[in-house]
Amino acid sequence: MNILLVCVGGISTSILEKNIRDAFGPEKANWVVEAHPVDQLESLIDRFDVILLGPQIRHKFRAVKKVADANSKPCEVIDSRDYALAKGDKVLKRAEELLS
């Protein structure tokens, strides 16, 4: 699975990215998570299976969802508590649920 975290490019998203990667475990070693600015979404979307938005850009959800839907990719805003506490395991679990 390839997970795209879209954000403004802040430090907190890179912390969450690392924590999600740490939650992969050995059985998911080939999975990918990357954080990129939302303005790069259209050029990157083909490489990813699920799109998760940082809560600080929830106001851009409609535009992101439009691109995601056009590419048949699930998309959701990350729970603000999980984001604030960088709960990579919970965010990973939600990404998996979106794909099932």
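Reader: What separates arginine 21 and glutamate 17 in helix H1?
Author: About one helical turn separates arginine 21 from glutamate 17, because the two are four residues apart in helix H1. The model is a predicted one.

Reader: What makes arginine 21 and glutamate 17 a salt bridge?
Author: The closest N and O atoms of arginine 21 and glutamate 17 are 2.7 Å apart. The cut-off is 4 Å between a side-chain nitrogen of Lys or Arg and a carboxyl oxygen of Asp or Glu, so arginine 21 and glutamate 17 form a salt bridge.

Reader: Is glutamate 17 buried or exposed, and how do you know?
Author: Its relative accessibility is 15%. Buried means under 20%, so glutamate 17 counts as buried. Leaving aside neighbours within four places in sequence, glutamate 17 is in contact with Leu5, Val33, Glu34 and Ala35.

Reader: Why does arginine 21 count as partly exposed?
Author: Arginine 21 has 40% relative accessibility. Partly exposed covers what falls between buried, under 20%, and exposed, over 50%, so arginine 21 counts as partly exposed.

Reader: What does the salt bridge of arginine 47 with glutamate 34 tie together?
Author: The closest N and O atoms of arginine 47 and glutamate 34 are 2.8 Å apart. Arginine 47 lies in the loop between H2 and E3, and glutamate 34 in strand E2, so the pair ties together parts 13 residues apart in sequence. In the pairing of strands, glutamate 34 of E2 stands opposite leucine 4. E1 and E2 pair in the parallel sense over six bridges.

Reader: How do you know that E1 is mostly covered?
Author: Five of the six residues of E1 are buried. E1 also pairs with E3 in the parallel sense, over four bridges, and valine 6 stands opposite leucine 53 in E3.

Reader: What makes the rings of phenylalanine 24 and tryptophan 31 a pair, and of which kind?
Author: The count comes to one aromatic pair. The ring centres of phenylalanine 24 and tryptophan 31 are 5.9 Å apart and the planes stand at 75°. The limit for centres is 6.5 Å, and planes over 60 degrees apart count as edge-to-face, so this pair is edge-to-face. Phenylalanine 24 is buried, with a relative accessible area of 3%.

Reader: How do you know on which side of H5 the buried residues lie?
Author: The buried residues of H5 are Gly88, Val91, Leu92, Ala95 and Leu98. They cover an arc of only 120° around the axis, which puts them on the same side of H5. They pack against several elements, among them strand E1 and helix H1.

Reader: What links Arg94 and Glu97 to other residues?
Author: Glu76, Lys93, Arg94 and Glu97 are linked in a network of salt bridges. Arginine 94 and glutamate 97 both lie in helix H5, three residues apart, and their closest N and O atoms are 3.0 Å apart.

Reader: Where do the buried residues of H3 lie around the axis?
Author: Val64, Val67 and Ala68 are the buried residues of H3. Their arc around the axis is only 100°, which puts them on the same side of H3. Arg62, Lys66 and Ala70 are exposed on the other side of H3.

Methods
Residues are numbered from 1 along each chain as its sequence is written. This is a predicted model: local features need pLDDT of at least 70, side-chain atom pairs count only at pLDDT 80 or more; totals for chains, interfaces and linings use all residues. Side-chain values use heavy atoms; hydrogens and water are left out. Rings of Phe, Tyr and Trp (its six-membered ring) pair if their centres lie within 6.5 Å; planes under 30 degrees apart count as stacked, over 60 as edge-to-face and the rest as tilted. Buried means under 20% relative accessible area, exposed over 50%, partly exposed in between (1.4 Å probe, protein chains only). The arc is that of the directions from the helix axis to the C-beta atoms. Contact means heavy atoms within 4.5 Å. Two strands pair if DSSP finds at least two bridges between them.
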